[in-house]
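Welcome, and thanks for taking a look at this one with us. Please turn the model around a few times before reading on.

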Amino acid sequence: MRIGELSARTGVSVRSIRHYEKMKLLTSVRGENGYRDYSPLAEDQVRTIRLYLALGLSTEQIASFLHCVLKNKEAFCEEVLPIYERKLAEIDEQLLELNQIRSNLLDRIRSIRDER
């Protein structure tokens, strides 16, 4: 299938598909006309890439385990767990920072209201 069809089937922009290919998350074969041709499996690959992007992972992180996940189940890919654990630690740190910012904002709001 051509890139436009893959884009339509997955809801992912042509630009993003090209980026995934550049990052070696996806492959295509060039026809004699120069057009990209994707295998029927590319649709599942793009959906899997989108899932991991939605989890907040970078394309570099995804590239480190994607081939394993596509061949096996996620639980059998040793590379996945440490990445998930690091991402969770990052999120926990961000939540702490956001809670501190929230607390500071609430204090400022109270202070301003009390001065009125």
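How many residues does the largest nonpolar core have, and which of them have the most contacts inside it? Keep in mind that this is a predicted model. The largest nonpolar core has 22 residues, and those with the most contacts inside it are Leu6, Ile17, Tyr20, Leu26, Tyr38 and Phe65. Two or more residues each come from helix 1 (3-10), helix 2 (14-22), helix 3 (42-54), helix 4 (59-71) and helix 5 (80-115). With five residues, helix 4 gives the most to this core. As general background, nonpolar side chains in soluble globular proteins tend to be buried together.

Leaving aside residues up to four places away in sequence, Leu26 touches Leu6, Ile17, Tyr20, Glu21, Tyr38, Ala42, Gln45 and Val46.

Ser7 is another stop, found in helix 1. Is Ser7 buried or exposed? Ser7 has a relative accessible area of 15%, under the 20% cut-off, and is therefore buried. Its contacts, again without residues up to four places away in sequence, are Val12, Ser13, Val14 and Ile17.

Next come two side-chain pairings. Searching the whole structure gives one disulfide and one aromatic pair.

| Pair | Kind | Distance | Angle |
|---|---|---|---|
| Cys68 and Cys77 | disulfide | S to S 2.1 Å | S-S torsion about -100° |
| Tyr52 and Phe65 | aromatic pair | ring centres 4.9 Å apart | ring planes at 85° |

Why is the disulfide called left-handed? The torsion about the S-S bond of Cys68 and Cys77 is about -100°, so the disulfide is left-handed. Both Cys68 and Cys77 are buried.

Now for the rings. An aromatic pair is described by the distance of the centres and the angle of the planes. The planes of Tyr52 and Phe65 stand at 85°, over the 60 degrees that edge-to-face requires, so the pair is edge-to-face. Since Tyr52 lies in helix 3 and Phe65 in helix 4, the pair ties together parts that are 13 residues apart in sequence. Both Tyr52 and Phe65 are buried, and Phe65 is also among the residues with the most contacts inside the largest nonpolar core.

Finally, where does Phe76 sit? Phe76 is in the loop between helix 4 and helix 5. With a relative accessible area of 63%, over the 50% cut-off, Phe76 is exposed. The C-alpha atoms of Phe76 and Asp114 are separated by 58 Å, and these two residues are 38 residues apart along the chain.

Technical notes
Residues are numbered from 1 along each chain as its sequence is written. This is a predicted model: local features need pLDDT of at least 70, side-chain atom pairs count only at pLDDT 80 or more; totals for chains, interfaces and linings use all residues. Side-chain values use heavy atoms; hydrogens and water are left out. A nonpolar core is a set of buried Ala, Val, Leu, Ile, Met, Phe, Trp, Tyr and Cys residues joined through side-chain atoms within 4.5 Å. Buried means under 20% relative accessible area, exposed over 50%, partly exposed in between (1.4 Å probe, protein chains only). Helices (H or I, at least four residues) and strands (E, at least two) are DSSP runs, numbered from the N terminus. Contact means heavy atoms within 4.5 Å. A disulfide is a pair of cysteine sulfur atoms within 2.5 Å. Rings of Phe, Tyr and Trp (its six-membered ring) pair if their centres lie within 6.5 Å; planes under 30 degrees apart count as stacked, over 60 as edge-to-face and the rest as tilted.
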